[in-house]
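Please look at the sequence and structure below before reading on.

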Amino acid sequence: MNPFSSGTRLRDMIRAIRACKTAAEERAVVRKECATIRAAVSENDQDYRHRNLAKLMFIHMLGYPTHFGQMECLKSIASAGFPEKRIGYLGLMLLLDERQEVLMLVTNSLKQDLNHTNQYIVGLALCALGNICSAEMARDLAPEVERLLQFRDPNIRKKAALCSIRIIKKVPDLAENFISPAAALLKEKHHGVLITGVQLCTDLCKVSTEALDYFRKRCTEGLVKVLKDVVNSPYSPEYDMSGITDPFLHIRFLRLLRILGQGDADASDCMNDILAQVATKTEPNKNAGNAILYECVETIMSIEDNSGLRVLAINILGRFLSNRDNNIRYVALNMLMKAIAVDAQAVQRHRATILECVKDSDASIRKRALELIFLLVNESNVKPLTKELIDYLEVSDQEFKEDLTAKICSIVEKFSPEKQWYIDQMLKVLSEAGNFVKDEVWHALIVVISNAPDLHGYTVRALYRAVQTSGEQESLVRVAVWCIGEYGEMLVNNVGMLNIEEPITVTESDAVDVLEIAMKRHTSDITTRAMSLIALLKLSSRFPSCSQRVKEIIVQHKGGLVLELQQRSIEFNSIIERHQNIRPALVERMPVLDEATYSGKRAGSLPPTVSTSTGSSLNLPNGVAKPPAAPLVDLLDLTSDDAPAPSSSDGDFLQDLLGVDLAPIPSLSGTSQAPPSGTDVLLDLLSIGTPPPVQTNPSTPIISSPSQNSQTSVAPLERLSSLSSPLSTQVSSPAGASPIVDLLDGLSPSLSMPDNKAQESNFSGDNNGLVYPSIVAFQSGSLKMMFSFSKPPGNPQTTIIQATFTNMSSNVYTDFIFQAAVPKFVQLHLDPASSNSLPASGNGSVTQKFRVTNSQHGQKPLAMRIRIAYKVNGQDVLEQGQINKFPAGL
Amino acid sequence: MIHFVLLISRQGKVRLTKWYSLYSQKERSKVLRELSGDILSRGPKLCNFVEWRGYKVVYKRYASLYFCMCTNQEDNELEILEIIHHFVEILDRYFGSVCELDLIFNFHKAYYILDEILIAGELQESSKKTVARLIAAQDSLLETAEEQANTISNMIVQATKK
């Protein structure tokens, strides 16, 4: 005898487990039991297999692994007796699922049991097959199940019918085999068979149109008749469910009729009477009756139009909606969602009641009602509905606020009749539940504000008020910070007052207060702080009286732990301290954000082209003409090379160009407004490889490009949350320019020596006796450019060129700028020019040094294209030329 | 279609689980965790439906036990409530005013009864009497088999003694 098999009985084990006080204790008991069962399994103990399987199921239910019992189930099923088979099949259904390969082993046992003489064993097999069969098993055993649909005992027929449902769901191809046996079941009297037969027909219709046609043509009338009998049958206690005779049967009939009637006028017509009868006669006091009514309403809504029936259905729903039972109200809301498609007007009538349901204490009902309201909103009712919803937002549960806010925002965006209303509603939502508002929503709000110039003042004042009371709502603060940064002066001066507004007195320092609070609040995240920092910079320029205070706030963050903020603080501080003259241009108001671009971006259809979009929006307001790109291409097309460009160190090149441009900043002293295309020319010079048709303005002196450049670099900065990116280098360039300026200040006297020859000799002295003759590189009517050359020792590829410009005319050339482009094999490094103004009548000159490195020294001669831009009496002049006659050996 | 049936005690202990749709063991325990949290925390006067992962879970509390059935969105929730009640009434009739302990110690019998009511997630029988009769018939088969076994084993025992 097996020493383990005398182990505890099932009841004792359950008791022992229940007596455990801790999880560890329970694990110990379970481990011990499992060990016993494993031992019994390996001993192939048959006496206690039954008990062990039962124990395993209990252990399984507690969540412990029991895979070692799977084979025991199969063995148990394979044994001859009913008790073993019963527990075996139960174990099979509990411990295994259709994915386990072990399941395939049971197919044969199932087949035998489906043909067993004991009908209870057949029942067990059908039940197991119905609950866990896989597609393969379905194919193997479908003929047996099909045959059992005609079994003598109705209890087997009903099990076979449900088993068939599983089979056709797993393998829809098998559906056609089941159509006619299923139709035969509809004529049965036994309720169980009828219920399962109708269900089988319903599922057949779902997987096979052939079945649908078949049942529609041959069975609709019969079904209507049977349902009529069922509805009119006398009360039968056997099928009683709280006073209603067999609601399950009613419901299944109604469901099948719905499928048959859908899209078929004849079939729909045929069932009208019985539907009307069910709808009017069913007792609505109990849940069972309401279940039937609910199903009936759905069928009426789904089948082909019959206005009389629909009125009946909508009335039932109205009654449901006013029911005190939450379940009934829930299904009414559910049903009304479907009814909208059929009769939106009728649903609108219940709007007030539905709105009440949004405020229900039950989360399931609230959710349903909110979705329904969302469908009910249209242009005509958006205002009152939104008001209701926003009012409710104030008192709703925290966990519901997220859903509610999302829906309100979506409604407001979709149906808003005018911008002011939109802004008003959004501000209310932001003040109530700003923390639940998604980023896209407040981004969109900023775009709308930016596009409503007449509402700027109104909005910034409203935001100022809102942020005083609801400062804890993050997104509200962000929008407010952005608007105060942009439209701060409108806040202070009450610009653009609307009639409905009351004037408020806000001092400049009050506005800065808001930003300072946002900056310092511990709950503010980095986005809010970064936005505040930018807004502060903007205000420092707009409110000169607060400039010092703003500077102090910014300085406080110079030591901040967040790198981004620290870097910005340092940069901004340097702008405030050292670049007073360019600051106003730097902190210009944002150009109007393009709504189309934004919405496109939101939809994900446009790639986020940061630079181009800001670039174009910057250019557009200034109305710059688009000259053909040809001159530029010419300028660059020096050799037969397709892409004549500096072959490397684009960045350096840019820096050089910037350096050149930045040098004259002091003399500019912020007087000239930046022509917008300056940067483009610069960028074009760089993007030589692919000369695109870019906007350039040839008559624009590039000299003023630094401020323009800074403007572009700040503009992306203002793009709300795009905090990272290469901006930092660009932004820092104005600050970084100061050393260059200093350097130049020191150098310019010596550089602007008029005596070329002296310099020439200087250079030649440095250059180991190698002397190249100076050339007149370019000469126009009044402008002369001399090149003198020298070579650094030990580097034959490199040539240092000193260009000397002389102005022979009687007018001073201002905003003078020289640009050069070289073929691909040459690198060019331009140093800043000595001055940006060229005295008249040859009384002095401008010099500019640059270094060229010819990577094919000795094989190809140097070549260069040049472009000189300057102003004469305020008139832009552009001169271009090509230099081929460099001395040999360069 | 009913995707699964759960019986959960008020303390969150699982008393019965029946899966008609495919859920791996891992998913099953996740479902149990999620749903018992969702359902047990709901107040008494609220509706009996919880929307969950695109399905609807219909639950009803009887004494200390929550009976939960998960169905498709488009199914008739009120009918599911009736199916739950049908099941409870049959259990009640079988055990004679059923309590949680009956279902703990005779969990397998609760499964047998459920298998007479639902197959493949669909209702099988609307007559409580028929279900009771079928269960009784199978139980009696069990008893006869046991009696037989007893007599045989008795005979063997006696035979080995001799």
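Helices, in this briefing, are DSSP runs of H or I with at least four residues, and they are numbered from the N terminus. By that rule, A:Gln348 is found in helix α18 of chain A, which covers residues 344-348. The model is predicted.

**Chain B on its own**

- Chain B holds five helices and seven strands.
- Read from the N terminus, the elements of chain B follow the order β-β-α-β-β-β-α-α-α-β-β-α.
- Chain B has 162 residues, and 59% of them are buried.
- Of the contacts in chain B with a separation of 6 or more, 46% are between residues 24 or more positions apart.

**The contact between chain B and chain A**

- Chain B brings 65 residues to the contact, and chain A brings 72 residues.
- About 5,900 Å² is buried between the two chains, with 55% of this area given by carbon and sulfur atoms.
- Eight salt bridges are counted between chain B and chain A.
- A salt bridge links the side chains of B:Arg42 and A:Asp362, with an N to O distance of 2.9 Å.

**The side of chain B that touches chain A**

- Several elements of chain B each supply at least two residues of this side, among them the strands β2 (14-19) and β3 (49-52) and the helices α1 (25-40) and α2 (77-95).
- Which element gives the largest share of this side? That share, twelve residues, comes from α5(B), the helix that spans residues 128-161.
- The residues on this side of chain B comprise 29 nonpolar, 15 polar and 21 charged.

- Is A:Gln348 buried or exposed? A:Gln348 counts as buried because its relative accessibility is 14%, and the cut-off for buried is under 20%.
- Leaving aside neighbours within four places in sequence, A:Gln348 is in contact with A:Leu376, A:Asn378 and A:Asn381.
- With A:Asn381, the side chain of A:Gln348 also forms a side-chain polar contact of 3.4 Å.

How values were computed. Residues numbered from 1 in each chain as written. Chains lettered and ligands numbered in written order. Predicted model: local features only at pLDDT ≥ 70, side-chain atom pairs only at ≥ 80, totals over all residues. Heavy atoms only, no water. Contact = heavy atoms within 4.5 Å. Buried area = accessible area lost by both parts, 1.4 Å probe. Salt bridge = Lys/Arg side-chain N within 4 Å of Asp/Glu carboxyl O. Nonpolar A, V, L, I, M, F, W, Y, C, P; charged D, E, K, R; others polar. Buried < 20%, exposed > 50% of the residue type's maximum accessible area, 1.4 Å probe, protein only. Polar contact = N/O pair within 3.5 Å; in protein donor to acceptor, adjacent residues only side chain to side chain.
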